[in-house]
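Dear colleague,

Please find below the structure that I am handing over to you. My notes on it follow directly after.

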Amino acid sequence: MESPSYHMPLRDTPTQAPRSRFPSNIVHKVRDNLVFRSKWAELNGAMGDLGTYIPIVLALTLSVDLNLGTTLIFTGIYNIVTGAIYGVPMPVQPMKSIAAVAISNSAEFGVPEIMAAGLCTGGILFLLGVTGLMQHVYKLIPLSVVRGIQLSQGLSFAMSAVKYIRKVQDFSKSKSGGDRHWLGLDGLVLAIVCACFVIVVNGAGEEGSEGEGDDIDLGGGERPTKRGLRQMVASLPSAFMVFLSGVILAFIRRPGVVHDFKFGPSSIEAVKISKHAWKEGFVKGTIPQLPLSVLNSVIAVCNLSSDLFPGKDFSASSVSVSVGLMNLVGCWFGAMPCCHGAGGLAGQYKFGGRSGGCVALLGAAKLVLGLVLGSSLVMVLNQFPVGVLGVLLLFAGIELAMASRDMNTKEEAFVMLICTAVSIMGSSAALGFLCGIAVHLLLKVRNWHNNQPCSTV
């Protein structure tokens, strides 16, 4: 017999709308993007971009009186934000073509012209990203041409690094002097020792180190000890130790540099840009910089990030908007024009950077130095051993160049090498890009013509 069921009267309770998980999802994603995969490895990876960053910033500060404190503060913020958004060691680098024009012609291309060039370049990249045109460009460019740009940029970094190591540098004039002495606090022996140390610790890259860790103990008593020793050596933060030794040597070279410190941030003021500065900045700065930014700062970065971090593919539009916003914000206040760069990404990956926490840590260090020491930090950077910077830049360039090793067919390698040769010898990534595209199209037409059936009479 069934028990009688009693129905309680329903109350009119207001229905609660489901709470939005949007803010919590953002917080969770940011936290996941900034988490360290390995503390020492991420710290080490943060040093991988300094071989490019320090020489250009130092040269601009000495030659055109760039506000170093403001640049450190803004680039520090850029590092933290991009690390939180992308979750990979997305670098923040100087715009090299604009910097080269300013250093070589500092009398006529000063801070207003530099900032005008950065604003124009950033504005164009922002529009290309917002409208989605950059994504279409990214899909249309052949992989062999992208690899050619990466190879040429990597070899250019490596050649500049060798020049830093072999020759005495005058960054304020962007010129090389005589041969570097073998001995001394910035001698050839120091650079060679640092390079050998990095090779012993890091080897040729991650693939080799992973293979070593798969050794199987077949009963020998010494193998676990040897494997443990290799793992201990491989875990050393080589780039951080090399950079730290450079900082120590900078103070040893000039102990009185501490008396030149002025504590507190530099004054941040809006830059006044005249009509003449806008014109000069666009013609001399933006026009040569824009092709390099599109190819190396957006296209090559997206391609390299998908190679190094499978599953974390970023749209070219997003990266283009990111570069645009950095310059549309910071250049009004005298911060150095910045972009993302495939070389910096390769360098940070080479030395262990695997998460956004890597660049966020670097950004926090820049922010602290900019707020505490401001522009007076240039005194220390001016004493930093240039050969040590050359070592860091050398391995960053080689890592970027090695991304081109996946060209499996002779035709792809042919296009890549022509693009690389023209880019290096012509000193123009845009010229190499156009030649690479032309050769790629000619080969496609040739193959299409050869595949057509011959007509019979």
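Predicted model: local features only at pLDDT ≥ 70, side-chain atom pairs only at ≥ 80, totals over all residues.

Cavity. The count comes to one cavity of 30 Å³ or more, and the largest cavity has a volume of about 40 Å³. Its lining is formed by Lys96, Gln153, Gln289, Leu292, Asn296, Ser297 and Cys339. Helix H13 (residues 275-308) supplies the largest share of that lining, with four residues.

Aromatic pairs. The structure contains nine aromatic pairs. One of them joins Phe74 and Tyr78 in a tilted arrangement, with 6.3 Å from centre to centre and 50 degrees between the planes. Both residues belong to helix H4 (residues 68-86), where they are four residues apart, about one turn of the helix. Phe74 is buried, at 12% relative accessible area, and Tyr78 is likewise buried, at 7%. The rings of Tyr86 and Phe314 have centres 4.9 Å apart and planes at 70 degrees, so this pair is edge-to-face. It links distant parts of the chain, 228 residues apart: Tyr86 lies in helix H4, and Phe314 in the loop between H13 and helix H14 (316-330). Tyr86 and Phe314 are both buried.

Charges over rings. Arg354 is placed over the face of Tyr349, 3.7 Å from the ring centre. Lys366 is placed over the face of Tyr53, at 3.9 Å from the ring centre.

With kind regards

Definitions and conventions:
Residues numbered from 1 in each chain as written. Heavy atoms only, no water. 1 Å grid on protein atoms, 1.4 Å probe; cavity = no way out; pocket = protein on both sides within 12 Å on 5 of 7 lines; lining within 4 Å. Points joined across faces, edges and corners; volume = space filled by probe spheres on them. Helix = DSSP H or I, 4+ residues; strand = E, 2+ residues; numbered from the N terminus. Phe/Tyr/Trp six-rings, centres within 6.5 Å; stacked < 30°, edge-to-face > 60°. Buried < 20%, exposed > 50% of the residue type's maximum accessible area, 1.4 Å probe, protein only. Lys NZ or Arg CZ within 6 Å of the ring centre and 35° of its normal.
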